[in-house]
Amino acid sequence: MTLARVAERAKTGRATVYRYFSDPNVLALDATLDIEVTPTAGLLEGLEDVRSRVHAVARYYLDFSREHEAYFRQFLAESLKASLQDGTVKMRGARRVIAFGEALEPVRRSMKRSDYEDLTLRLAMTTGMEQFVILEDILRVDQQKGYRLQEGLVDALLDQYLPNV
């Protein structure tokens, strides 16, 4: 597989593909993980309360990282290596940013645009492989304590931005 071939098959310019993926290995790993991701609508099904929606997304991406730990560690290593080689940081799949945006949809119109964007980005910082590495490798906490710590971070953000929710 080459990135030029990917661009051709995706009917997009090579520059676009190279902007996001400078290494075919990184693209292959990201695509493998992407196939496994549950669509956000499925995660949020039946959840009306914004706090419950946000916690569902946060927990899902932390669990997803745990369940696919080997792939994520390899993906993280390959993407960091590629960025060191060409001197640029490539955008990795921003699935969780989009997912938190969907979780916050019921309150989006009642928020200032800048607050909505900041909250979405800050929530994305509470989960995923990076959070998993912090919990497992640095803090060395068990799964239940990890959940409790994550929930506290998420609640603190929601309390700051959505005090009435």
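Read along the sequence, the protein chain runs α-α-α-α-α-α-α-α-α-α-α. This is a predicted model, in which local features need pLDDT of at least 70, side-chain atom pairs count only at pLDDT 80 or more, and totals for chains, interfaces and linings use all residues. Residues are numbered from 1 along each chain as its sequence is written, and side-chain values use heavy atoms, with hydrogens and water left out.

**Exercise 1. Work out the secondary structure content and the burial of the chain.**

Step 1. Start with the elements: helices (H or I, at least four residues) and strands (E, at least two) are DSSP runs, numbered from the N terminus. The tally is 11 helices and 0 strands.

Step 2. Now turn to burial, where buried means under 20% relative accessible area, exposed over 50%, and partly exposed in between (1.4 Å probe, protein chains only). Of the 165 residues in the protein chain, 41% are buried.

Step 3. The chain has about 9700 Å² of accessible surface, and carbon and sulfur atoms account for 53% of that.

Step 4. Finish with contacts, meaning heavy atoms within 4.5 Å. Among contacts between residues at least 6 apart in sequence, 74% join residues at least 24 apart.

**Exercise 2. List salt bridges and describe how exposed their partners are.**

Step 1. Count pairs in which a side-chain nitrogen of Lys or Arg is within 4 Å of a carboxyl oxygen of Asp or Glu. The total is 11 salt bridges.

Step 2. Take Glu69 and Arg73, whose side chains meet at 2.9 Å, N to O. Both lie in helix α6 (residues 69-86), 4 residues apart, about one turn of the helix. Glu69 is partly exposed at 29% relative accessible area, and Arg73 is partly exposed at 29%.

Step 3. Move to Glu105, which forms a salt bridge with Arg108 (3.1 Å) and another with Arg109 (3.8 Å). Glu105 and Arg108 both sit in helix α8 (residues 105-108), 3 residues apart. Glu105 is partly exposed at 33%, Arg108 is partly exposed at 29%, and Arg109 is exposed at 71%.

Step 4. Look for a network: salt bridges link Arg51, Asp155 and Asp159.

**Exercise 3. Identify the residues of a nonpolar surface patch.**

Step 1. Nonpolar patches join side chains of Val, Leu, Ile, Met, Phe, Trp and Tyr within 5 Å, while like charges are joined within 9 Å; members have over 30% relative accessible area and no salt bridge.

Step 2. Ile134, Ile138, Leu139 and Leu149 form such a patch, with about 330 Å² of accessible area together. Ile138 is in helix α10 and is exposed, at 59% relative accessibility.

Definitions and conventions: Areas by Shrake-Rupley, 256 points an atom, 1.4 Å probe, with all protein chains shown as cover.
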